[in-house]
Amino acid sequence: MTRLFGTNGIRGIVNQEMNNELALGIGKAWGTYLKQTITRPKLAIGTDARLSNSMLKYAITAGLLSTGCDVIDVGLVPTPTLQYTIKEKKFDSGVIITASHNPPQFNGIKGAASDGTEFSKDVEEAIEKIYFSRQYSLATWRDVGTYSSWDGAIDSYIKGILSTVDVTLIKKQKFHVVLDCGNGAGSLVAPILLRKLGCEVTELYCEPDGRFPGHNSEPIPENLTTLLKTVHEAGASFGIAQDGDADRAIFVDENGTYIWGDKSLSLVGKYITGKKKGGVVVTPVTTSTCFEDVIRENGGSVIYTKVGSPVVARVMKEKNAVFGGEENGGLIFPEFQYCRDSAMSLAKILEILAKEKRSLSELIAEIPSYEMYKTKIACPNDKKERVMDLVVEQVKGNKDVTNIDRTDGVKLYVKGGWVLMRPSGTEPIFRLFVEAKEKQRAEQLVTTYKNLVESFLQHV
Ligand code: MG
């Protein structure tokens with residue numbers, strides 16, 4: 001079956017693959033799906049700051065209303081704000097119109113279940129099936145859904161965050177934070193949250209603007225040059241950048257040094273497992289070993305999952321995990337909600353700094369460092385399975401390989417590191433991830449495994 005949903009919802013270029021007809025059809029399919037088990041489903045809908053948001057929001061809303069669902073519009077909000085609203089206000093489901101960190105010409109549709117978690121693959125597939133079959137259950141004229149709006153989502157979400165951290169302690173420290181919302185949806189929450197936490201705030205690109213005039217909305221170092229410079233020059237406590245829909249956060253230390261997501265994930269994981277004296281944490285197989293190192297030191301354990309935040313969140317819930325997240329700045333705090341949340345990450349970093357009374361650079365320096373390499377290997381989609389099987393056969397009995405893990409692609413634990421080959425779901429490539437303590441060893445592993453895959457490719 002053709003797939004519409006990717007790792008994080010449906011994405012595409014506006015008025016090309018992401019158009020009103022698609023949104024309308026998805027709305028009808030979604031409503032039909034919900035009506036299989038709920039008589040009168042109630043959904044929340046929200047958007048990020050993109051220019052095509054109203055267009056897609058009203059198209060999908062029309063589809064939902066036609067099947068007899070009631071839709072409550074919460075307006076322009078970060079993705080985690082919508083997810084929190086669904087859970088707190090007991091909606092049956094939620095729709096967010098967002099393309100996260102993608103370039104401005106993109107937009108997307110993402111779904112959440114009644115507990116606020118992102119849709120699982122099963123639900124997405126069920127909706128897709130209805131969409132492609134066009135077997136919609138439309139309501140009679142009497143039962144068409146109602147549309148209304150509610151403007152309390154941001155307030156209630158900020159209150160929720162403040163109730164989970166030590167506000168008094170944070171306020172005392174009078175932190176100075178440089179905040180880069182990248183003209184995204186985070187602009188509506190993070191400045192308010194920081195002031196409520198007694199911080200002095202230097203704002204960069206904190207006006208929502210779907211053209212992203214400040215910089216591209218992926219929080220990678222090359223997009224954050226102004227933030228890095230400003231933190232250092234202003235003598236601020238630290239800096240933070242959010243992606244377009246504010247589920248992910250990247251931090252910058254007081255010297256203006258970019259902190260990779262693995263390190264911030266580890267810092268928070270270390271703090272939480274330290275406080276709880278252990279516990280289960282969850283992360284995808286791509287995360288650096290530095291995370292496992294700090295968790296184990298505190299008596300905790302790590303469960304590795306496939307890549308994708310919906311999977312991480314679900315496993316966290318199942319295993320009653322104390323913390324989890326991804327190496328791209330997507331941190332999940334189960335005491336608040338089971339989804340990535342940049343504002344909650346910000347509040348937690350402030351609490352850590354306030355408790356530890358040390359600078360962010362000092363705390364990050366205590367997290368172990370590894371050399372990680374990421375590269376791509378071209379491979380036709382129909383050969384991916386066979387190539388992975390051949391790699392597994394080849395390394396069996398190899399003394400250098402201590403464990404073979406098939407959670408997502410092939411992960412080989414080797415002496416002093418690991419090698420992960422992951423077939424891309426969208427492109428004819430493998431992503432090769434290699435990590436080792438020593439640079440030389442990591443480079444050697446990249447060469448060895450790249451050559452191995454390429455030699456198999458000539459024969460399959
Ligand atoms: Mg995002």
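1. A polar contact of 2.7 Å links the side chain of Arg340 to that of Glu326, and another, of 2.9 Å, links the side chain of Arg340 to that of Asp247. (A polar contact is a pair of N or O atoms within 3.5 Å; within protein, one must be able to donate a hydrogen and the other to accept it, and residues adjacent in sequence count only if both atoms are side-chain atoms.) Residue numbers start from 1 along each chain as its sequence is written. Please keep in mind that this is a predicted model, where local features need pLDDT of at least 70, side-chain atom pairs count only at pLDDT 80 or more, and totals for chains, interfaces and linings use all residues; side-chain values use heavy atoms, with hydrogens and water left out.

2. Is Arg340 buried or exposed? Arg340 is buried, since its relative accessible area is 5%. (Buried means under 20% relative accessible area, exposed over 50%, and partly exposed in between, with a 1.4 Å probe and protein chains only.) Arg340 sits in strand S16, residues 337-340. (Helices, H or I of at least four residues, and strands, E of at least two, are DSSP runs numbered from the N terminus.) Leaving aside neighbours within four places in sequence, Arg340 is in contact with a list of residues including Asn8, Lys110, Glu118, Asp247, Ser309 and Glu326. (Contact means heavy atoms within 4.5 Å.)

3. Ser100 (OG), Asp243 (OD), Asp245 (OD) and Asp247 (OD) coordinate the magnesium ion at 2.0 to 2.2 Å. (Donors are N, O and S atoms within 2.8 Å of the metal, or 3.2 Å for Na, K and Ca; water is not among the atoms, so sites may look incomplete.) Along the chain, the donors follow the spacing S-x142-D-x1-D-x1-D. Ser100 lies in the loop between strand S4 (93-97) and strand S5 (106-112), and Asp243 in the loop between strand S9 (238-242) and strand S10 (249-252), so the pair ties together parts that are 143 residues apart in sequence. Ser100 and Asp243 are both buried.

4. S9 and S10 belong to an open sheet of five strands, ordered S8-S7-S9-S10-S11, with mixed pairing. (Two strands pair if DSSP finds at least two bridges between them.) Strand S8 (200-204) and strand S11 (258-259) are at the edges, each with a single partner strand, so one side of each has no neighbour in the sheet. Strand S7 (residues 176-180) pairs with S9 in the parallel sense over four bridges, and Val178 stands opposite Gly239 in S9.

5. Two loop residues deserve a look at their backbone. Asn183 is not a glycine, yet has a positive phi of about 60°; Asn183 lies in the loop between S7 and helix H7 (190-196) and counts as buried at 2% relative accessibility. Tyr205, again not a glycine, has a positive phi of about 55°. Tyr205 is in the loop between S8 and helix H8 (225-234) and counts as partly exposed at 24% relative accessibility.

6. Another open sheet has five strands in the order S17-S21-S20-S19-S18, with antiparallel pairing. Its edge strands are S17 (371-378) and S18 (401-405), each pairing on one side only. From one strand to the next, the twist averages 15°. Helix H15 (residues 439-457) packs on this sheet, touching S17, S18, S19, S20 and strand S21 (429-436), and its direction makes about 15° with that of S17. (Axes are lines fitted to C-alpha atoms, for helices over the stretch in contact, and angles run from 0 to 180 degrees between N-to-C directions.) Within the sheet, five bridges join S19 (residues 410-414) to S20 (residues 417-423), and Lys411 has Leu420 in S20 as its bridge partner.

7. Finally, the cores. The largest nonpolar core has 70 residues, and those with the most contacts inside it are Leu197, Phe238, Phe251, Phe323 and Leu350. (A nonpolar core is a set of buried Ala, Val, Leu, Ile, Met, Phe, Trp, Tyr and Cys residues joined through side-chain atoms within 4.5 Å.) Helix H12 (residues 342-356) gives the most to this core, with nine residues. A second, separate core of 27 residues includes Ile10, Leu22, Ile60 and Cys69.
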